[in-house]
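This report walks a new reader through a few side-chain arrangements and the surroundings of a ligand. Please keep the sequence and the structure in view while reading.

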Amino acid sequence: MTDEETLDPGNWQELRDLGHRMVDDMLVYLETLRDRPVWQPMPEEVQARLDQPLPRKGQGAESAYQDFQDLVLPYPFGNIHPRHWGWVNGTGTPLGMLAEMLAAGMNPNTGGFNQAASAVESQVLGWCKQMLGYPADASGLLLSGGSMANLVGLTVARNVKAQVDVRRSGVGELPNAMTLYCSDETHSSVQKAVELLGLGSQHLRQLPADSDYRIELAALDEAIARDRSAGYHPICVIGNAGTVNTGAIDPLDGLATLCERENMWLHIDGAFGALAALSAELRPALKGMERADSVAFDLHKWMYMPYEVGCILVRKEADHRKSFALTPAYLTKTKGSIADSPWMADYGIQLSRGFRALKVWMSIKEHGIEKYARLIEQNVAQAHYLAELVEAHQDLELLAPTPLNIVCFRFAAEALDGTGLDALNSSILVHLQQSGIAVPSSTVVNGRFAIRVSITNHRTRREDLDLLVDAVVSEGRRRLTAA
Ligand SMILES: *Cc1c(COP(=O)(O)O)cnc(C)c1O
């Protein structure tokens, strides 16, 4: 016996039994998802029980798990449910959940060289390049999601295109202010990245998109020329492979040609849409993506992996490494030691990092990439099915084209003007969400409030969309008559 303490269990058999129960409980929970509402409000009494002072003494694993069952599990955000189509959320998978447990059990720190864990991550990055048709010798990194992927990609863009050593001098010593270009349908994480990089959001030119919500090449050309003659330094275009509002895909091949001609960096935000490249049917719409200097995308959205996992690919490995590598004495790689290999920390912001590659590796092995391609096609077909239901219904109006998996529509009643319709649709949406029937989200397209359904959900069936349409129509009519 020793009087030294540890966090390992005193009784391994007890924890083993509890662990088996946890696995069983969660698998039953996932198997029966469809029987529960998408969402339910957390009662005040539960909120009050969550608000506790810092525990000074332990309550034990069993009792902590009971608290999870009572206070946490019944009140999810709902994104794993078959009828959650809000924002762009992923669903995760049962095996993905188990892989997360295995990764946490091994608990490697993959910032440095980590033997098998590093090999698995390189393998996953290799597969990601194949999935997108990106060059095999490109560089890459798994990170927390699209926002971080955009930040890392744009960091490399800034550093490569700066006329000074911007890592050393800072942006204050740039001879000319750098400008970047995208459509006004671009995700806010791009602006955040530009702000974090010290480039200033005023220098991100968010050009008005066309009627299909795509960037206009001629207007982009003009904006760049105008900025050049005004003394700015245009460095980068951000192209969208699937915008968050409507799923629009910018003319990527045209952007690649323009960037080559203008000596500018092409970064693509393909958070979910880049994965459409898995489908032979959808791939042509993404032509040009393979020519980009960097591509950011998520695996926790349209690859249905558990949160978090996103990916950045950078065409030239040296560009990528030069933006992040920094080796102080305490991180020096000694020859011949276990640390003598490429370090992932040299390609991104994090030093310590987890084993998010494992769930990707195991899931792709479990299902094979062809199944993911079919599921993506299924989601797109479901979006088209919903768009057809909307168009066929006299009380509903489609508000934007449906090039991928996103449908923007509204309940439309002749008796109401624009403001009235916005308010009515907003209250229909709140009703859908709060009653737990379905969780779409909203956006504004062309100045009109839209109920927005974004399907990155492997559990959705067409009957779920029938149910949504019925619920929107009956709630819309009920509110009209009540008014
Ligand atoms: C979700 C999304 C992002 C941000 O990705 P996160 O994984 O949420 O950080 C960026 N761009 C687009 C188009 C997105 O849909």
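How many aromatic pairs does a search of the whole structure find? In this predicted model, the search finds four aromatic pairs, and two of them are described here, beginning with the pair formed by Phe-77 and Trp-87, which is tilted, with 5.7 Å from centre to centre and 40° between the planes. This pair links distant parts of the chain, since Phe-77 belongs to the loop between helix H3 (61–72) and strand E1 (84–85), while Trp-87 belongs to the loop between E1 and helix H4 (94–106), the two residues being 10 residues apart. Phe-77 counts as partly exposed, because its relative accessibility is 40%, and Trp-87, with a relative accessible area of 42%, is partly exposed as well.

The rings of Tyr-304 and Tyr-372 form a stacked pair, because their planes meet at 20° and their centres are 6.4 Å apart. Tyr-304 is found in the loop between strand E7 (294–298) and E8, and Tyr-372 in helix H13 (residues 369–392), so this pair ties together parts that are 68 residues apart in sequence. Both Tyr-304 and Tyr-372 are buried.

Aromatic rings also take part in another kind of arrangement, in which a charged side chain lies over the face of a ring. Arg-205 is placed in this way over Tyr-232, at 4.8 Å from the ring centre, and the charged end of Arg-462 sits over the ring of Tyr-385, 5.8 Å from the centre of that ring.

The ligand has 13 residues around it, of which Gly-146, Ser-147, Asp-269, Asp-298 and Lys-301 come nearest.

| Residue and its atom | Ligand atom | Distance |
|---|---|---|
| Gly-146, backbone N or O | oxygen | 2.8 Å |
| Asp-269, polar side-chain atom | nitrogen | 2.7 Å |
| Lys-301, side-chain N or O | oxygen | 2.9 Å |

Key:
Residues are numbered from 1 along each chain as its sequence is written. This is a predicted model: local features need pLDDT of at least 70, side-chain atom pairs count only at pLDDT 80 or more; totals for chains, interfaces and linings use all residues. Side-chain values use heavy atoms; hydrogens and water are left out. Rings of Phe, Tyr and Trp (its six-membered ring) pair if their centres lie within 6.5 Å; planes under 30 degrees apart count as stacked, over 60 as edge-to-face and the rest as tilted. Helices (H or I, at least four residues) and strands (E, at least two) are DSSP runs, numbered from the N terminus. Buried means under 20% relative accessible area, exposed over 50%, partly exposed in between (1.4 Å probe, protein chains only). A charge sits over a ring if NZ of Lys or CZ of Arg is within 6 Å of the ring centre and within 35 degrees of the ring normal. A residue is near a molecule or strand if one of its heavy atoms lies within 4 Å of it. A polar contact is a pair of N or O atoms within 3.5 Å; within protein, one must be able to donate a hydrogen and the other to accept it, and residues adjacent in sequence count only if both atoms are side-chain atoms.
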